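Here's a friendly walk through some helix packing and a chain-to-chain contact. Have a look at the model first, then read on.

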Amino acid sequence: MKRIGFFLTRRIAGGVLTLVAVVTFTWLMYWSISPQPGRFVYPAGIKITNFQLADGAHRLGADRPKLTQYGDWWWHLLHGSFGQRWTGATLNDNVLTTAPVGPLLYPSVRETLSILLGGAILAVLISVPLGAIAGRRVGSLADRVISIGALVGVCTHPIVTGKLLTQWFGIDLGWLPIGGYCSFVKHPPPAGLPANFPTCGGPVDWATHLIMPWFTFAFLFLALYTRMIRASVAESIHEDYVRTARAKGARERRVMARHVLPNASLRVLTMVGMDIGTALGVAVFVEFAYGIPGLARLSIDAMTGDPLASATDLPMLLAVVTMITLIVVIGNLVVDTLYAVVDPRTGTADRPGRTKEIAAGVM
Amino acid sequence: MTAVELDRPRAAPRAAWRLTLGRFLSDRAAVASLAAFALVLFASFAGGPIVSAIVGHNGFQQFPYATDASLDPVGGWSRVPTTQQVRLDEYGNVLPPPKGSTKTLMVLGGDGPLGRDEFIRVLDGGKASIEVGVFAVLISALIAVPLGCLAGFYGGKVDAIVSRLTEWVMAFPLIFFLVFATVHLTSTLRPIGWGHDIPAGVPMVALLIGVFTSFYPLRLVRAQLLTLRNSEFVDSSRMVGASGLRIIRKDLLPHLIPTLLVWGAVAVATDMLLEVGLSVIGVGVQSSTATWGTLLAQTTGTIYNAGFGGGDHHTTWHTVWPTLAILISVVSLNQLSESLRRAIEPWRR
């Protein structure tokens, strides 16, 4: 017990350090690109004078000493605030109005987590039986079909999968909505609309809107996980203890479920932990294909900024980076804890291998 | 066993690379994937000019009549007037082309309002996509091999820095780094190109992808050198007084070639997919240059431009041709890499 406590403390401390490093790195990157925050204040597209640039930066507080800005950001974060967004800043009667980051950020975190968790569960649920079937008889027809399917899955860009699924199930067949997101909890219609105004929400709407994103997300990881489970099953199916189990009269299903597949569970867990970062990269394209304004999409928007202004929305970028880091760190913490539970021998050891090399193309 | 058999002259031992080549050629999947990728290469680099010569127009020419009055492109294999002038009636509606105007074969309808031959553009786009993939792999190899050798062979501080940096960068989605870098380097780097052979924007995308993906081969090279540096042939070289750099160059680099080949084949494929991703986000090669990514982005849209995805101004073929092209080349490269690995290391199935 003491060991696990030590392990958790170390991990959490490591996570906080990672967050500090990532945020500092983001600030350094931002300063290294000669930013023009003033462009957010004055209408973009037209030619903007140096005075306006300086004035805009001053109004946003971006002309203060760098260390002050940096410290100020942490101070606000410790008080639970991500500050004000730069995008959409408007100057009226010499008064600058900006919107807070939160209302845009928190729903997007829910959306991205819905996609990630649902997609990950779907990927594991489908890949375990497929990998078991393929690995049981290497070289059989089923194995070849599954292996070729996995190869195609690895090689298909999520944006393509999304495009094709939308075309077939959304437009041609009309079974599913082609995009957008519905919250899990049904909210009353916004003020000013009648109470029976149709709004989108509730578990059913939530799930129907997410089925295609889940499958799009799962398709890539499905392929990777199926390959890995296949290899693990093919390795352990000829072990002595499997033969013993068969000799004792255990049914094939029990042999697979109790003696063969548990070997793969550690590797699956390892891969899930390693793939959290990759998954966020894939989520960019899933969110893009279905027009879901999630976290990954938000980060791209914050980086590219206003297309006309071509400037980076720093407060939004920092908020998104913080959230992504938290997801990666907490996800890894959960996986590490599960790892220690599943296999007590390697509780605090480094985990082996990762699949990122394979999925690098789309992450 | 008789004496006669023993006296028979023994065949000269065959070189290792010949054995590998033999294993590679006797693998059906290997030959098939090699043939498929050769076909893709031929279609991308020679296909455009050949098809242009046959049908009499190229992928840059625009045919206003390739779209109908509501800007919907015509379907595949349609005959379209080649005239460049569109006649309008007094209300601004497009009139049918004059009778007797010369006709040409459009293999696929034009894209949206521009009216270019989409099929030739897919062939031309392959050139840019493959160039991005190959250049990016060369760049990341150029970065990874020296750094990986230093880190793996000498260890110590260099190794610690390189390893930590690699782990840290790899924990985060690569696409974010790429987008951030591309957005802010676009104005300076994107115009660089070399005529039609290397379209503008290709060097930039290749450079950025190459730099940010060099962490994978770096890990590979480092891991391999870590296992090799204590082997006997390195010790013997050291004993006769070879310097570290000479050992790396003469003794260790040849051992890296198989690893790099296997990695390179699959990396070309992943780099092509990254190009697609960047184009779809809208920060890759200029959207007017045909690559498989930008062609796909025409229908999916980018963050700067909604594309035709929502409207009707595209046919399913606009998605299918680039998708098929990407799929064939990426699948064949992946299989090629897998087959190479099997041929080089047959004991590791």
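Let's start inside chain B, where B:Leu147, B:Leu150, B:Ala151 and B:Tyr154 of α4(B) touch B:Gly156, B:Val158, B:Asp159, B:Val162 and B:Ser163 of α5(B). Sort the residues of this contact by type and you get six nonpolar, two polar and one charged. Keep in mind that you're looking at a predicted model.

How do the two helices sit against each other? Helix α4 of chain B covers residues 118–154 and helix α5 of chain B covers residues 156–170; their axes come within 7 Å and cross at roughly 125°. As for handedness, α4(B) and α5(B) make a left-handed crossing.

Chain B has another helix pair to look at: α7(B), residues 202–213, packs with α10(B), residues 244–281. Here α7(B) passes α10(B) in a right-handed crossing. On the α7(B) side, the contact is made by B:Val205, B:Ile209 and B:Thr213. From α10(B) come B:Ala267, B:Asp271, B:Leu274, B:Glu275 and B:Leu278.

| Helix pair | Angle | Axis separation |
|---|---|---|
| α4(B) and α5(B) | roughly 125° | within 7 Å |

Helix α4 of chain A runs over residues 102–136, 35 residues in total. From its first C-alpha to its last, α4(A) reaches 50 Å, close to the 51 Å expected at 1.5 Å a residue. Where does α4(A) have its kink? Look at A:Ser127, shortly before the proline A:Pro129: the kink there is about 25°.

Finally, the two chains meet. The contact takes 33 residues from chain A and 35 residues from chain B. On the chain A side, α5 (141–155), α6 (158–172), α9 (252–289), α10 (295–304) and α12 (356–359) each supply at least two residues. Which helix of chain A gives the most to the side that touches chain B? That's α9(A), with eight residues. By type, the chain A side of this contact divides into 20 nonpolar residues, nine polar and four charged.

How values were computed
Residues are numbered from 1 along each chain as its sequence is written. Chains are lettered from A and ligands numbered from 1 in the order in which they are written. This is a predicted model: local features need pLDDT of at least 70, side-chain atom pairs count only at pLDDT 80 or more; totals for chains, interfaces and linings use all residues. Two residues are in contact if their C-beta atoms, placed from the backbone, lie within 7 Å. Helices (H or I, at least four residues) and strands (E, at least two) are DSSP runs, numbered from the N terminus. Ala, Val, Leu, Ile, Met, Phe, Trp, Tyr, Cys and Pro count as nonpolar, Asp, Glu, Lys and Arg as charged, and the others, Gly among them, as polar. Axes are lines fitted to C-alpha atoms, for helices over the stretch in contact, and angles run from 0 to 180 degrees between N-to-C directions. A crossing is left-handed if the near helix is turned anticlockwise from the far one by less than a right angle, and right-handed if clockwise. The expected span of a helix is 1.5 Å times one less than its number of residues. The bend at a residue is the angle between axes fitted to the seven residues ending there and the seven starting there.
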